Amino acid sequence: MPMIRETIVATVDASGQSHLAPLGLIRDGEGWIIAPFHPSKTLDNLRAVPFATANYTDDVRIFAGCLTGRSTWPLIQAGDFPVPRLVAALSHARLAVLHVEEHDQRPRFHCKLLHLAQHQPFEGMNRAKAAVVELAILTSRLSMLPREKVEAEIAYIKIVIEKTAGPEELEAFGWLMEKVEGFYRGP
């Protein structure tokens with residue numbers, strides 16, 4: 001199995017409008033593969049402007065926010081690169097698409113690492129942060145997973161949140177749970 005790193009991927013459309021999406025980048029030798037689902041804004045943007053910024057952040061509110069309609073997070077232009085980075089990024093990687101492996105569900109954009117920069121120190125692991133990221137991934141797949149599986153995973157995640165969460169993790173967890181509850185409640 002390839003190594004996957006959870007990031008916030010920034011892309012831009014042809015007019016330069018930024019878009020953020022939580023995505024797991026797949027290690028590909030010295031580069032990374034971005035595999036957005038079809039259809040998606042990230043997919044459209046990568047086709048229009050074949051560059052991306054992978055933002056490595058431990059602010060899990062950004063992961064949760066992007067999935068719950070809270071996708072406006074401060075960005076900063078990184079030199080002359082067409083795609084900005086998150087201000088909250090601990091580090092970021094500039095990526096250029098080399099080629100695309102087409103697929104009906106998830107095309108794979110094979111990217112070359114152009115530049116890697118660090119901005120803030122990483123202060124260690126937190127189980128609640130990891131739990132929120134897991135819940136974010138689960139939330140992004142609600143329509144693909146059986147409800148029983150979702151509920152079982154949430155039960156475990158709640159234990160981790162109760163034991164180790166700080167205010168940011170609690171806020172992100174709340175946003176995601178609202179989305180899950182709304183999904184099952186229906187229109």
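I take strands as DSSP runs of at least two residues, numbered from the N terminus. The model I am reading is predicted.

**Largest pocket**

I looked up the largest pocket and got a volume of about 560 Å³. I found 26 residues lining it, and the closest to its centre are Pro 22, Leu 23, Phe 37, Ser 140 and Arg 141. Which of them gives the most? E2 does, with seven residues. By residue class I noted 17 nonpolar, five polar and four charged in the lining of the largest pocket.

**Second largest pocket**

I read about 460 Å³ for the second largest pocket. Its lining holds 16 residues, and Glu 6, Thr 57, Asp 58, Phe 122 and Met 125 are the closest to its centre. E1, H2 and H3 each give two or more residues here. I noted nine nonpolar, three polar and four charged residues in this lining.

**H2 against H3**

I turned to the packing of H2 and H3. Their axes lie 9 Å apart, at an angle of about 15°. Angles under 35 degrees count as roughly parallel, so I log H2 and H3 as roughly parallel to each other. The crossing of H2 past H3 is left-handed. Which residues meet? From H2 I listed Val 60, Phe 63 and Leu 67; from H3, Lys 129, Val 132, Val 133 and Ala 136. I counted six nonpolar residues in this contact, no polar and one charged.

Conventions
Residues are numbered from 1 along each chain as its sequence is written. This is a predicted model: local features need pLDDT of at least 70, side-chain atom pairs count only at pLDDT 80 or more; totals for chains, interfaces and linings use all residues. Side-chain values use heavy atoms; hydrogens and water are left out. On a 1 Å grid over the protein atoms alone, a cavity is a set of points where a 1.4 Å probe fits but cannot get out, and a pocket is an open set with protein on both sides within 12 Å along at least five of seven lines; lining residues have an atom within 4 Å of a point. Grid points are joined across faces, edges and corners, and a volume is the space filled by probe spheres set on the points. Helices (H or I, at least four residues) and strands (E, at least two) are DSSP runs, numbered from the N terminus. Ala, Val, Leu, Ile, Met, Phe, Trp, Tyr, Cys and Pro count as nonpolar, Asp, Glu, Lys and Arg as charged, and the others, Gly among them, as polar. Axes are lines fitted to C-alpha atoms, for helices over the stretch in contact, and angles run from 0 to 180 degrees between N-to-C directions. Angles under 35 degrees count as roughly parallel, over 145 as roughly antiparallel, 65 to 115 as roughly perpendicular and the rest as oblique. A crossing is left-handed if the near helix is turned anticlockwise from the far one by less than a right angle, and right-handed if clockwise. Contact means heavy atoms within 4.5 Å.
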